[in-house]
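This briefing is intended for readers who wish to consult the chain as a whole before turning to selected details. Please view the sequence and the structure together.

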Amino acid sequence: MREKLRMFVHDREIGFKERIFRILCIEGLAISVFALIVAICLRESATKLVCIGTILVVMGISLLLCVKDKLTNISKIVVAGMLVLFVLPVMFFTSGGFDGGTVTWLTLGIVYVFIIFSGEQLLFFGSFAIVVDIICLWYAAVNPTAFAIESNGRMFESGAAVIIVGFIAGSMYMYQAHEYEIERKINNEQRKKLEKLGRSKDKFYANFSHEIRNPINAIIGLNEITLRKTNDEVTAANAHAIKSSSRLLLNLINDIMDFSQIQNSSMKLIEAPYNSNDFFTELVELVGTRAEEKKLKLKLLLDPSIPATMVGDERRLVQVVLNLLTNAIKYTIEGEVVLSASCVKAKEGHVTLKISVADTGIGIKKENLKYLFDSFSQFDRSKNSRIEGNGLGMAITKELVTLMHGEIAVDSVYTKGSTFTITVDQGYVGEEVIGKTDILSGNVALKNDAYERSFEAPSARILVVDDDELNRAILVQLLKDTKVKVDTAGDGRRALQLTMQNVYHTILVDYMMPQMDGLELMNAIRIQDGGLNRDTAIVALTGATISEETLAKYSTRFNMTLQKPIDGSRLEQCLLHCLPEEVVEYQKDTTVVIGDAVTGAFLAENKKKVKITTDCACDLDVEVASENGIAMMYLYVKTPKGRFMDTVEIDSGNLTGYLTSSKTYVKAVSASVEEYERFFGEQLEEAQEIIHLSVGAGLGESYNKACEAAESFDHVRVVDTGQVSGGLGLLALTAASWVTKGVGADKIYSDITALCEYVDTNVVLPSSDVFVQSAKMSAVIGAFFNAFNFRPVMRINKSVQLFVSVMTGSDDSVIRKHISQSMIGKGRIAPGSKVIFSHVGLTHKQQELAYDMLTKYYEPENIIVQKTSVTVAGTVGDKAIGLSFYRRNKYI
């Protein structure tokens, strides 16, 4: 019976308010029985006995309805009407009015309504209960003699009413707290299950990629060996067909892997120089065989002004265009597919590349265009059952183009054909252009270039560690012509034995192996007691996407990563990059191509020696920071409407509008330690040493979070600048200029740390609210300042925010006063250093005014006028202005 009662009130199949109602009915039934017994013993009036009996009957019927017919909503309405309209008013009038115990019961009617109802029902019954109570109390007030006062049991009745009402309200609160705690535990368990499911999914994708790439690696490797050795045209043609089909299969696998990365927001671009002619030739070769099979014409139209060497993520761009080409061929029954490309110079060193793929296929219905980039979507499947595919390629294509900050457009006429156009910005190197090329009309002929080794190193010795025997054999065959001596091991244990016995010039390690994986083996080799290869270059062979933030947690890391399936030329280029020069006797081409198969291919000596990073609260424009090689770590802006990532989910313009309309100050929130770890890991891909200039330790949590994250890295140092806003920006620009001049990391770290105390940052606030909210000014004084439009001036130094003076007048007047007063002591400003004037929401005319004022005191080329960062803008408020500069010192 007890278990049935527990299930009756804790049944999670019904809503929370329904469960509350059931408890109220049970309590009401029990209390009514008790009250009826007491009323009989006290010989209460017949009217009161009828009221209590009515409650008893209604509560009993309501419980039966809940159990039998699930008519909970009707029961709630009946109980509410009975209590508010009949029982409570009658008991109030028959129990002495204000002097009786039922005054307390009137409160219970309102509490009941608010606990049980919601929405329109709450509005109706809540208003109804309050109106009824007001009428009862008003009548009792104006007609005090109309109530018969009986002393018999009056004290007991009043005390019982208080206790019972308090018990009911308290038990409802306890039940709510109990249910909320259960819901919290359920939510936590579900969150943990989802996180576990996400990790399982990631692990599945990684294992799937590894396992399926191994046989593809064998197919492509053996096929390449066949191409190298055969002189038979038929065999060569078949091998080319295998190569083309294998690459298309590999592209599908990449789509699946990329879909996983996109869902987890872990994908990033790897930009490097690539040959434009090779890029388009590869695309044509990859789809040429398929076009020929379907008897389609494949045309290539290239703008001669396209740079010969462009800079971007070639692999991702190939993937995007290849998806468009394969779709075009897939959905075209007859006619042609045209790949065209043109470019326009966007700015120095960059071009806007426009690539179009047009076909004469089935086209897309207008109503289906909005679903084109949805995952796993295909159209007219019933009418085109011959068309294969998973509907994933276009969704990934859209995501990749967005990741490249590009655009994709489609023009399509149903049954006539489609044209897809992507527009992306690419860098370029040199002034050489691709020039005039033969327009390939008709079927594309496949090339069968003879293989030629890129180097010979007979005295070189390498170790290949892979648990797949066929993969090991293929690598040995692919390197045969280079005359490199190759030892092999099938697991980490055997590899460690060999590294104790032999000196190797390079070690190739499969990243995913049983017992000891590639990462564990690499660490074991690096710390091997008595090992002969602790400093040997180690290359990861991976069929899965390696998490960069995971690798970044280790101070010693892979020198390169080579992705399966392994292409022979990429393998040779990788080794040529890793082998010592003295063991290479012959070399065809010393240029290392970075692209399709090689990721993270820069060795430590090719990285920047030092890179400056800082928090985004530095008031530096994104372009200014990028031009100076400064990477900025995002912070969050917390508003009553939610938390937003600055510069990504909210910008200064949006925030200024919000501040103006809401008159509410928002709060800056630091990123997490894990986010800082990921940020530092990404920056270490580009530089050997990272010096992070943090917001002052006393101005937020960023410094502590950054320091905790830096503990995972041997080459990241964090500086407590004691600054924020323009002062932090000045320090970042100075440190970046020292990097450009070739100053070492130790010198930069010590000098920039010492320079922090020479920064002056002065901010004119729009009101005193910042000081009041930070408890640096009383609310009374703050109200006085605001009443007379006094604008406090705040100075920031060593994380201390000092109130130094006040200003009055219009915005223009305050700008003039602030600059002139700050620049009176021009002689104390370090010559040749930058001056940053930052603002929140100033008009263009006001910014020009500030610039003109500054040029009276300082060199124009060293003046920066710009908006404050999002996080600073949210803290100081609309119309705040700041001025940051260096005092004279030996470091500037």
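Predicted model: local features only at pLDDT ≥ 70, side-chain atom pairs only at ≥ 80, totals over all residues.

Residues are numbered from 1 along each chain as its sequence is written, and side-chain values use heavy atoms, with hydrogens and water left out.

**Whole chain**
- The chain holds 27 helices and 28 strands (DSSP runs, numbered from the N terminus: helices are H or I of at least four residues, strands E of at least two).
- Of the 892 residues, 48% are buried (under 20% relative accessible area, with a 1.4 Å probe and protein chains only).
- Contacts (heavy atoms within 4.5 Å) between residues at least 6 apart in sequence join residues at least 24 apart in 75% of cases.

**Helix 13 and helix 14**
- The axes (lines fitted to C-alpha atoms over the stretch in contact, with angles from 0 to 180 degrees between N-to-C directions) of helix 13 (residues 492-501) and helix 14 (residues 518-526) come within 11 Å and cross at roughly 25 degrees.
- The two helices are therefore roughly parallel to each other (angles under 35 degrees).
- Gly 492, Ala 495, Leu 496 and Thr 499 of helix 13 meet Leu 521, Ala 524 and Ile 525 of helix 14 in this contact.

**Leu 470**
- Leu 470 belongs to helix 12 (residues 469-478).
- With a relative accessible area of 41%, Leu 470 is partly exposed (between 20% and 50%).
- A C-alpha separation of 9.7 Å lies between Leu 470 and Leu 222, which are 248 residues apart along the chain.

Definitions and conventions. Parallel < 35°, antiparallel > 145°, perpendicular 65-115°, else oblique.
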